[in-house]
Amino acid sequence: LINMILVKVLKKEIEIKGHALYDDYGKDIVCSAVSSIVTTTVNGIISIDEDAILYQVSDGKIVIKIKKDDEITTKLIDNMINLLKELEKDYKKYIEIR
């Protein structure tokens, strides 16, 4: 169990893994925020173009593979990364973006 959320951003792939351990399960605002940001982004992209990304969720990890490099997908992914960076500013001990 990683006591931090790690976000690895590559050109065509984003991997988010770990747990913030900011608070008890169900009360962890950092995990909730990351889950909300990522789920909203993935659902938004898929609702526009279901072939734009592939994603795989496993225990404590999500991998998003970017299949299309169109303007909407790029803007939504960039927005997701920017929101996660804002979260990182306030919660450095609990989330790290690489």
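Is E86 buried, partly exposed or exposed? E86 is partly exposed, at a relative accessible area of 44% (buried is under 20%, exposed over 50%, partly exposed in between, with a 1.4 Å probe and protein chains only).

The model is predicted: local features need pLDDT of at least 70, side-chain atom pairs count only at pLDDT 80 or more, and totals for chains, interfaces and linings use all residues. Residues are numbered from 1 along each chain as its sequence is written, and side-chain values use heavy atoms, with hydrogens and water left out.

**View 1. Salt bridge between K89 and E86.** The N to O distance is 2.8 Å for K68 and D49 and 3.0 Å for K89 and E86; a salt bridge is a side-chain nitrogen of Lys or Arg within 4 Å of a carboxyl oxygen of Asp or Glu. K89 and E86 are three residues apart in helix α2, so about one helical turn separates them (helices are DSSP runs of H or I with at least four residues, strands runs of E with at least two, numbered from the N terminus).

**View 2. Salt bridge between K12 and D69.** The closest N and O atoms are 3.5 Å apart. K12 is in the loop between β1 (5-9) and β2, and D69 in the loop between β4 and α2, so the pair ties together parts 57 residues apart in sequence. K12 is partly exposed at 37%, while D69 is exposed at 57%.

**View 3. E88 in helix α2.** E88 is buried and has no salt bridge. The nearest side chain of opposite charge, K92, is 7.0 Å away (Lys and Arg count as positive, Asp and Glu as negative; His and the chain ends are not counted). A polar atom of the E88 side chain lies 3.0 Å from the backbone nitrogen of I97.

**View 4. The largest pocket.** Its space is about 590 Å³ (a pocket is an open set of points on a 1 Å grid over the protein atoms alone, where a 1.4 Å probe fits, with protein on both sides within 12 Å along at least five of seven lines; lining residues have an atom within 4 Å of a point). Of the 27 lining residues, G18, H19, C31, S35 and G60 are the closest to the centre. Helix α1 gives the most to this lining, eight residues.

**View 5. The second largest pocket.** About 150 Å³ of space lies here. Residues lining this pocket include K12, D69 and I81, and helix α2 (residues 71-90) gives the most, with five residues.

Terms used
Points joined across faces, edges and corners; volume = space filled by probe spheres on them. Polar contact = N/O pair within 3.5 Å; in protein donor to acceptor, adjacent residues only side chain to side chain.
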